[in-house]
Amino acid sequence: MAAHRKPKPRSLGGNTARTAATIALAGAATATGFDGTGHAEPQLSPAQVKAKVDKLYEEAEVATEKYNGAKEKADKAEERLNTLRDEAARKEDRLNSARDALGSIAAAQYRSGGLDPALQLALSDDPDQYLDGAAFAERAGSRQAAAVGRVRKQLREIEQLRGAAHVELASLKSRQAELKRHKKTINGKLDAARLLLSQLSPDQRAGLGETGGAGGGGQRASRSSARDLDPVSSSGTVAAPNSRAAAAVSYAYAKLGSPYVWGATGPDAFDCSGLAQAAYRSAGISLPRTTYAQIDAGRRVSRSELLPGDLVFFYSGISHVGIYVGNGMMIHAPNPTAPVRVAPIDEMPFAGATRVA
C-alpha cells in the first residue's frame, strides 16, 4: 500500500521557482481568451498577430453595433417612460382639481343637512371604491354625476398610464442589462487585442499600422494629402451627386485624425456608424444609429455605381461602414488604434453600398 501514498510536496526554490515564474508569465502574456480560460500559444509572427488582432477588432465592432442598437432602444424606452410619467403627473393634477370640486359639493351638502352617500364614496382615498360604485352616479344630482364621472375617468386613465410606465420601465431595465453584456464583450475583445499587440516591438506595431486591414487601420492620411484624393480634382471622377452628399463628405474630411471611441457619435470622437450618422446629420439627413439599419436607409447601389457620399459596408455581418469619397477610397473610423482616416475600400471584404442623399 505504500506505493499509493502521495509524495511529499517539494518546496519551490532556486531554479525551480524561477522556471515556474517564467512559465506563468509566458502563459499570461499569450492568453487571448475572454471567458477566463487562458492558454499558452507559441510565439506569433507579426503577420499572425495582425491577423488575430484584425479578427478581434472585427468581433469587437460587431458587439459595438449591437451595443449601439441596444442603446438606441434604451434611450427611446427612457424617453417614452418620461413622457408617460409627465402625462400621469398632469392627469393627477387635474384629478386633484376635480376632487377639490367634489369636496366643495360635499361641503355644500353637509351644510344643507347631510352628505350624499355618492359623494362619500367619491371622496374616499381608496380608488377601487370609485370604480366599484357603479350606481352612485345615478343617485347623485346631474352636477354631482358629471363631477364624479370625470373623477372616475381620470382615475382609469392614470392607472392605464401607470401600467404602461411599468412596461416601459421593464423594457428599459432589459435594455440596460443588454448594454452591460455588450460592453463586457467589447472590452474583452479590445483587451485581448492590446495584449497581442504588446508582444510586438514598437517598430513592428508601427509597421502593422501602415499595412492596411481593419486592424492595421489602412493608409494614414493628413488633411492635406487626403484632399488630393478628392474626386473633384483627380482622374476625372464624378463629384458628389448633390449638395447633401457633398456636405457629408466635407464633414468627414474635417474629422480626419479624430479618435475612434466605440459608441461615440462626435463631435470629437466616433465609431464607424457614428461617423456616418454625424456626417449626414450635418447635411440635414437623419440616419439610423447602427450599420445594420444604415444599409437600408437609402437606395442600394452596386460597387461600380459608387459616388462620393455613398455609404460603403463591409463584412458579411454588415458590421463596418465608411463614407465613399471617390477613386476607390473612403473615410472611416477603423478601430481604437487608428483615428478617422482615408483608406481604400479594398482593405476589407466589401458587403454592399447605399445612397442616402
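Analyst: Happy to! The largest cavity is lined by Y57, A60, E61, T64, I186, L190, Y260, W262, P334, N335 and P336. Please keep in mind that this is a predicted model. A search of the whole structure turns up 1 cavity of 30 Å³ or more, and the volume of the largest cavity is about 60 Å³.

Which helices supply at least two residues each to that lining? They are α2 (46-111) and α6 (142-197). Of these, α2 gives the most, with 4 residues.

The side chains of E59 and K189 meet at 2.9 Å, N to O. This pair links distant parts of the chain, with E59 in helix α2 and K189 in helix α6, 130 residues apart. Is each partner buried or exposed? K189 counts as buried because its relative accessible area is 14%, under the 20% cut-off. E59, at 27% relative accessibility, is partly exposed.

Helix α6 has a second pair to look at. Here R162 and E159 form a salt bridge, 3.0 Å from N to O. Because they sit 3 residues apart in helix α6, about one helical turn separates them. An α-helix has 3.6 residues a turn, so residues three or four places apart point the same way. Both ends are partly exposed: R162 has a relative accessible area of 44%, and E159 has 41%.

These pairs belong to a set of 11 salt bridges in the structure. Another of them joins D296 and R300, whose closest N and O atoms are 2.9 Å apart. D296 is exposed, with a relative accessible area of 55%, while R300 is partly exposed at 47%.

Now for the later part of the chain. The loop between α10 (243-254) and α11 (272-282) holds P267, and a cis peptide bond with omega of about 5° joins G266 to P267. Helix α11 itself is mostly covered, with 9 of its 11 residues buried; among them are L275, A276 and Y280. After α11 comes G284, with a positive phi near 85°.

In the loop between β2 (311-314) and β3 (320-326), Y315 has a positive phi of about 75° although it is not a glycine. Y315 counts as buried because its relative accessibility is 9%. N327, in the loop between β3 and β4 (329-332), also has a positive phi, about 55°, without being a glycine. At 31% relative accessibility, N327 counts as partly exposed.

One last residue is worth a visit. E347 lies in the loop between β5 (341-344) and β6 (350-355). E347 is buried yet has no salt bridge, and the nearest side chain of opposite charge, R341, is 7.1 Å away. What does the side chain of E347 make a polar contact with? Its partner is the side chain of H332, at 3.3 Å.

Terms used: Residues numbered from 1 in each chain as written. Predicted model: local features only at pLDDT ≥ 70, side-chain atom pairs only at ≥ 80, totals over all residues. Heavy atoms only, no water. 1 Å grid on protein atoms, 1.4 Å probe; cavity = no way out; pocket = protein on both sides within 12 Å on 5 of 7 lines; lining within 4 Å. Points joined across faces, edges and corners; volume = space filled by probe spheres on them. Buried < 20%, exposed > 50% of the residue type's maximum accessible area, 1.4 Å probe, protein only. Lys, Arg positive; Asp, Glu negative; His and termini not counted. Salt bridge = Lys/Arg side-chain N within 4 Å of Asp/Glu carboxyl O. Polar contact = N/O pair within 3.5 Å; in protein donor to acceptor, adjacent residues only side chain to side chain.
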